[in-house]
Amino acid sequence: MRFILLLLIVAAASCNSFTNGEMTPSQIQGYAPVYASASLYDSIAVQPAKTTVSAGKIYAFGSYIFQVDQQRGIHIVANGQSAAAQKIAFLKIPFCTEVAVKGNHLYANNLNDLVVFDITNPASPQLVNRLEDAFPAVTQLYPNVSDTYFECVDPDKGIVVGWERKTIINPKCRR
């Protein structure tokens, strides 16, 4: 009996963590959460025209087009009588995914806040209001892929706004 007990203790002490019967690797390609930082979250600004990185929704308003650049902001495009539309400015709104226009106001999300801009002069929008927590926070506890390792979410680091693929050291989470 002592021999069996000793064997169980030795076996338990030498085990690594297991997931689905497999040993967890010490280093593997997986996903790491990207957290929203307060300094980036509040850094709304009108900037010179930029190249689109991740095209999103568009909204036509008079002779202007507003195009969301996912998670970055909104491109302002003059679409007058000429044959070629031209970007005239970029409205930096971190974590922006939506846009709407009514009258002379542009509405967009800034993560879970609603921000409102006066676009009487579309080339130079002015922030006129912020409604905090207008949208429910979307909790991202794991990446939108399956059968992968990832770094576990740490709520003390903030809200997860995305996931990046990278080498994970001693992963504790798998989906």
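In the predicted model, strands E9 (residues 99-102) and E10 (residues 105-110) are paired in the antiparallel sense through 4 bridges. Within this pairing, Val101 has Leu106 of E10 as its bridge partner. The two strands make up a hairpin with 2 residues between them, and Gly103 in the turn adopts a positive phi of about 60°. Asn110 is placed opposite Asp113 in E11. E10 and E11 likewise form a hairpin with 2 residues between them; in its turn, Leu111 has a positive phi of about 60°.

A total of 5 salt bridges is found in the structure. One of them joins Glu98 to Lys57, with the closest N and O atoms 2.7 Å apart. This pair connects distant parts of the chain, 41 residues apart: Glu98 is in the loop between strand E8 (86-92) and E9, whereas Lys57 is in strand E5 (residues 55-61). Glu98 counts as partly exposed because its relative accessibility is 37%. Lys57, with a relative accessible area of 43%, is partly exposed.

Another salt bridge is formed by the side chains of Asp147 and Arg174, at 2.7 Å from N to O. Here too distant parts of the chain are linked, with 27 residues separating Asp147, in the loop between strand E12 (126-131) and strand E13 (149-150), from Arg174, in strand E15 (residues 173-174). Asp147 has a relative accessible area of 58% and is therefore exposed, the cut-off being over 50%. Arg174, at 24%, is partly exposed.

Glu151 and Lys166 also form a salt bridge, their closest N and O atoms being 4.0 Å apart. Because Glu151 lies in the loop between E13 and strand E14 (160-169) and Lys166 lies in strand E14, the pair ties together parts that are 15 residues apart in sequence. Glu151 is partly exposed, with a relative accessible area of 30%, and Lys166 is partly exposed at 32%.

Conventions:
Residues are numbered from 1 along each chain as its sequence is written. This is a predicted model: local features need pLDDT of at least 70, side-chain atom pairs count only at pLDDT 80 or more; totals for chains, interfaces and linings use all residues. Side-chain values use heavy atoms; hydrogens and water are left out. Two strands pair if DSSP finds at least two bridges between them. Buried means under 20% relative accessible area, exposed over 50%, partly exposed in between (1.4 Å probe, protein chains only).
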